[in-house]
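Hello,

Here is the structure I promised to pass on. Please open it first; my notes follow.

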Amino acid sequence: MGLVAVAETAELISAKQVTLSETDKEFVVQFAFATGDKELTNKLIDELVCEGADKGAVLLKYSTMTGFQPDWIRRIENLLVALEMYRIQEEKAMQTLSELLTAYGADLTVEEIKEMPTDKVREHFEKKETMMR
């Protein structure tokens, strides 16, 4: 399951509209990556946001479920999770940029923005802006 679980967990946290610290978000995503268990991940989120919850006990409880791994494996998994989280943020940013450009008359799809160098996107926008004046 791995990286798919990371994307699904990011969507789950967003859909639940809960406030988690960055450390808690990272733990939840790491847990989802390690276990691939959506139900347990959902339960973990619920326990972390429960008012008056002992976060230390919750984190300890769920960390024991993932089992022991050598440090180098954990580091690689951490890097993979971070990479996937950045990829998700990049997709959101590209979509927002595309929507903003479209709103100002510079219709560019996400794919076009990805393929174009930044200065070409800027030129395209400025050209459209000049034409609108």
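**Helix 2 and its packing**

The buried residues of helix 2 pack against helix 1, helix 3, helix 4 (55–65) and helix 5. Those buried residues are Asp24, Val28, Val29, Gln30, Phe31, Ala32 and Phe33. Keep in mind that this is a predicted model. Helix 2 has 14 residues, and its end C-alpha atoms are 20 Å apart. That agrees with the 20 Å they should span at 1.5 Å a residue. After helix 2 comes Gly36, with a positive phi near 70 degrees.

**Gln30**

Gln30 sits in helix 2 (residues 22–35). Is Gln30 buried or exposed? Its relative accessible area is 15%, under the 20% cut-off, so Gln30 counts as buried. Setting aside neighbours within four places in sequence, Gln30 is in contact with Glu77, Asn78 and Val81. Take Glu77: it is 47 residues from Gln30 in sequence. In space, the two are 7.9 Å apart, C-alpha to C-alpha.

**Helix 1**

Helix 1 covers residues 3–16, which makes 14 residues. From first C-alpha to last it reaches 20 Å, close to the 20 Å expected at 1.5 Å a residue. Ala5, Val6, Ala7, Thr9 and Ile13 are buried in this helix. What covers them? Helix 2, helix 3 and helix 5 are included in the cover. Just after helix 1, Gln17 has a positive phi of about 50 degrees.

**A nonpolar patch on the surface**

Leu3, Trp72, Ile76, Leu80 and Leu83 form a nonpolar patch on the surface. Together they have about 500 Å² of accessible area. Which element gives the largest share of the patch? Helix 5 (residues 71–103) does, with four residues. Ile76 lies in helix 5. Its relative accessible area is 43%, between the 20% and 50% cut-offs, so Ile76 is partly exposed.

**Confidence**

The protein chain averages a pLDDT of 84. Of the residues, 95% score at least 70. Among the elements, helix 3 (residues 38–49) has the highest mean pLDDT, at 90. Helix 7 (residues 118–132) has the lowest, at 77.

Best wishes

Conventions:
Residues numbered from 1 in each chain as written. Predicted model: local features only at pLDDT ≥ 70, side-chain atom pairs only at ≥ 80, totals over all residues. Heavy atoms only, no water. pLDDT = per-residue confidence, 0-100. Helix = DSSP H or I, 4+ residues; strand = E, 2+ residues; numbered from the N terminus. Patch = residues over 30% accessible without salt bridge, like charges linked within 9 Å, V, L, I, M, F, W, Y side chains within 5 Å. Areas by Shrake-Rupley, 256 points an atom, 1.4 Å probe, with all protein chains shown as cover. Salt bridge = Lys/Arg side-chain N within 4 Å of Asp/Glu carboxyl O. Buried < 20%, exposed > 50% of the residue type's maximum accessible area, 1.4 Å probe, protein only. Contact = heavy atoms within 4.5 Å. Expected span 1.5 Å × (residues − 1).
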